[in-house]
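Visitor: Can you walk me through this one? I'd like to begin with a sheet.

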Amino acid sequence: MKKYWTIISIYWQRALTYRFTVLSYRVGEAGETLVLILMWIAIYGGDRTMISGFTVREMITYILVGNFFNAMIRNFLSMVIEKDIKDGRLSMFIVKPMSYFSYILSQEIGRISFSTISSVLTSGFVILCFANTFIWKFDGVYFLVISIMVILAFITELLLSYLVGLIAFWTDEVGGLYATIDRIKKFFSGGYFPLNLLPVVFVNISFALPFAYSFFIPAQLYLKKFDVTVGLKGLLVQCCWILILYGIIKIVWNRGLKKYEGVGM
Amino acid sequence: MSEIEVQQLSRSYEYYRKQQGLSGSLKSLFYRQKLYAQAVQNVSFSIKSGELVGFLGSNGAGKTTTLKMLSGILHPTSGEVKVLGHIPWKREKTYQKQFALLMGQKNQLIQDLPAIETFTLNKAIYEIPEKEFQENMDELVTLFDIKDILDIQVRKLSLGQRMKCELVAALLHKPKVLFLDEPTIGLDVVAQKNIRDFIKKYNQEKKTTIILTSHYMEDIKELCKRVIIINLGKIIYDGALDDLIQKYATHKLLKVIFNENGVKRKEIEKFGEIDAFHPHVCIIKTARSEAKSIAASLLSSNLPIEDIIINEVDIDDVIRQIFNLSPKI
């Protein structure tokens, strides 16, 4: 455990070196949330009280709380791995008596800790700015389910990013794939708009995919638009995804490493 | 006993060619002809415990590829390797804790933090006990005299200081085998000498087995008794550095010093090929077997000679000569 903690704390320190970058990202993030809220206020206008079962307050709460959860889940691991593989830096890791998987995951957790905390605080601050519109709902059981869901979503995202990064063994660059998956992810996570605005088939698909558990489902649970049993089933789906991703990673890593040529060394 | 055993080691690379220009790039988007290059071909050698061996070769000769296989980064296409009794590419932790790889062109130090943080990181990764870590670090830091730069961001350090810190980071776990790939690259003469002196001392004191690659002949001359020369993926020489000259240097250089009267060029041309000329000092290149007799006939001539020194050809020239000849060897 000490190993992991050392790596996390060292990369946390590194993140603090570039506090300006971290903080300047937050301005853009808060801005994006505000734009979404403005858009929905404009769509509702003064005359529409309900869109697909959402009141304007519910819609604003959905956006705010969804972004709050999402802030805890993101990572930028794919690009780190791509760079390690492409530049041959991976060589420096694979000669060490620690698996790259454990190392890079600890590194990423350390690296994003500061930005995640600041992002969560920013999202929290934006919620406070809308304190009068925001729907405050607290329920112990729901809170517990949502918390576990967010943790599992964090792990899923981390594994998915790791997997995407490993594709660089074959392609050198994964920027395109990363961007595409990011968009699919954002759509199916309900980050653009609640998925139940679309035909029901989209909601069903999203239940089977891992993405909705980082935004849409926890936000719906918060609004109690989903029953807690839906949440529990969701946790099971998430666990399955974690196992599937881990299995695929094992296979891809073993094959990729054989292909790895340590270019640029 | 041999600590490093390499037998019939080969490795090929896959690559493809792209035709020039945009149309070539478009074509390569749909079709890429796979080509294979042999980076290392049937290489065999063994290295004893405590030896410091120089690995020489021009760019792309296969030196780094061989080091990559010895450290387990690459799987070979064929052949066998045992280092400290382990097969490197199995990447067993027990092996990884016993060797270190240092590459002059790749760094393991975290650039945005002081070097001490990377040392702490390696302490955790290599599971070095606190007491041992402190002792090793104090010893290395004192040897290199870098105590006052340990808390400065690595990117703010000079290249020489950085390389010293890289070496410390690589040696904290007291490796038995050390692979040094161009450790002095890009350094100024003083820094090069510092690193060189350190490697020499470390090898003598700790009896660490070291393979060193370098483009600087000074490094090789000063550090290695034995050299392995590799060209186009094949070993073309493996033996003592001194014997290299005996084997490949076909010439000797006679340095003839004249008194204040000096000489004219044409007066000495008949003794052999003139390598350098000055009325008071002249260097004549002769075949090895004839060096003595030419020196004797120079002395018995009427020329105003003060002294004659018979020198071996410089090792740089010998190696250059070997590389020029090697495709035919």
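Visitor: What is the strand order in the open sheet of three strands in chain B?
Guide: The order is β2-β1-β4, and the pairing is antiparallel. This is a predicted model: local features need pLDDT of at least 70, side-chain atom pairs count only at pLDDT 80 or more, and totals for chains, interfaces and linings use all residues. Residues are numbered from 1 along each chain as its sequence is written, and chains are lettered from A and ligands numbered from 1 in the order in which they are written. Strands are DSSP runs of E, at least two residues, numbered from the N terminus; two strands pair if DSSP finds at least two bridges between them.

Visitor: Which strands stand at the edges?
Guide: β2 (34–48) and β4 (78–83) of chain B do. Each has a single partner strand, so one side of each has no neighbour in the sheet.

Visitor: How many bridges join β1 to β4 in chain B?
Guide: Five, with β1 covering residues 2–16. V6(B), for instance, has V81(B) in β4(B) as its bridge partner.

Visitor: Changing topic, which domains does chain B have?
Guide: Domain 1 (2–245) and domain 2 (250–312), with bounds from an automatic or database domain assignment. Their centres, taken over C-alpha atoms, are separated by 44 Å.

Visitor: And what share of chain B is buried?
Guide: Of its 329 residues, 36% are buried, meaning that 20 or more other C-beta atoms, placed from the backbone, lie within 10 Å of the residue's own.

Visitor: What box do the C-alpha atoms of chain B fill?
Guide: Roughly 75 × 55 × 45 Å, along the principal axes.

Technical notes. Helix = DSSP H or I, 4+ residues; strand = E, 2+ residues; numbered from the N terminus. Buried ≥ 20, exposed ≤ 12 C-beta atoms within 10 Å, placed from the backbone.
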